[in-house]
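Notebook open, model loaded. I want to look up a few spots and jot down what turns up.

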Amino acid sequence: MFQLGKTIVSEDIIEKDFLCNLSACKGACCIDGDAGAPLEKDEVKILADIYLKVKPFLREEGIKAIEEQGTSVKTALGDLETPLINGADCAYVIFDEKNTALCAIEEAYNQGEISWKKPISCHLYPIRVRDYTEFSGVNYDKWEICDDACSLGKELQVPVYRFVKEALIRKFGADWYAELEKVAQSKYNR
């Protein structure tokens, strides 16, 4: 672990390799698990505000789940998440012609309907950020459904932090990312 500003960063994001391999995993991270995507407080309002523009991209099951549960949900522990369809798929999941899970929010963004790409937790994955009182923890989340992404990243020599560069800049800023690159170069030669 090392500190960058008000973040404590796991060395795994520099040492481990990762490159999404959607043709292999079919977007399993959006349909496996037992919880929705983690949301930040400000994202709750964003999801409510953009829902009508995202709705045309959603599946019927997603629309039903969102209209029953809301554009976001609060768990028993007080965490904010995207709603799920029958306790499984994220309500915002859609599928392409190859049955690969995609994000309706990101599709609306790609089509120019909205200016917000998707929740930061999704954009950052496989990095998870946990906010504490004095700092944020920035960690690599190893999940076996992403083994193909780890293999492809290793083959192409793409460290986790480079794979999620755009998201890290979105979350922490360009200066923070530049400092991260300096640490990666000097300490890890990556």
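This is a predicted model: local features need pLDDT of at least 70, side-chain atom pairs count only at pLDDT 80 or more; totals for chains, interfaces and linings use all residues.

**Entry 1: Thr100.** I started in a loop. Thr100 is found between β5 (93-95) and β6 (101-103). Is Thr100 buried or exposed? Its relative accessibility is 6%, so Thr100 counts as buried, given that the cut-off for buried is under 20%. Then I looked up what Thr100 is in contact with, leaving aside neighbours within four places in sequence: I found Leu22, Lys26, Gly27, Ile94 and Phe95.

**Entry 2: the sheet.** Next I traced an open sheet. It has four strands, with mixed pairing, in the order β1-β2-β8-β7. Which strands sit at the edges? They are β1 (2-4) and β7 (127-131), and each of them pairs on one side only. On average, neighbouring strands of this sheet are turned by 25 degrees against each other, direction ignored.

I zoomed in on β1 and β2. Strand β2 covers residues 7-9, runs antiparallel to β1 and is joined to it by three bridges. Across that pairing, I saw Gln3 standing opposite Ile8 in β2.

**Entry 3: helix α9.** What lies across the sheet strands β2, β7 and β8 (136-140)? I found helix α9, residues 165-172, running at about 15 degrees to β7.

I then followed α9 to helix α10, which spans residues 174-188. Their axes come within 7 Å and cross at roughly 125 degrees. That angle makes α9 oblique to α10. On the α9 side I noted Lys165, Leu168, Ile169 and Phe172, which meet Ala174, Trp176, Tyr177 and Leu180 in α10. I sorted the residues of this contact and got seven nonpolar, no polar and one charged.

**Entry 4: Trp176.** Trp176 lies in helix α10, and at 10% relative accessibility Trp176 counts as buried. Which residues does Trp176 touch, not counting those up to four places away in sequence? My list reads Leu4, Thr7, Val9, Val138 and Leu168. With Thr7 there is also a polar contact of 2.9 Å, joining the two side chains.

Last, I checked a distance from Trp176 to Arg128. The two are 48 residues apart along the chain, and their C-alpha atoms are separated by 16 Å.

Technical notes: Residues are numbered from 1 along each chain as its sequence is written. Side-chain values use heavy atoms; hydrogens and water are left out. Two strands pair if DSSP finds at least two bridges between them. Helices (H or I, at least four residues) and strands (E, at least two) are DSSP runs, numbered from the N terminus. Axes are lines fitted to C-alpha atoms, for helices over the stretch in contact, and angles run from 0 to 180 degrees between N-to-C directions. Contact means heavy atoms within 4.5 Å. Angles under 35 degrees count as roughly parallel, over 145 as roughly antiparallel, 65 to 115 as roughly perpendicular and the rest as oblique. Ala, Val, Leu, Ile, Met, Phe, Trp, Tyr, Cys and Pro count as nonpolar, Asp, Glu, Lys and Arg as charged, and the others, Gly among them, as polar. Buried means under 20% relative accessible area, exposed over 50%, partly exposed in between (1.4 Å probe, protein chains only). A polar contact is a pair of N or O atoms within 3.5 Å; within protein, one must be able to donate a hydrogen and the other to accept it, and residues adjacent in sequence count only if both atoms are side-chain atoms.
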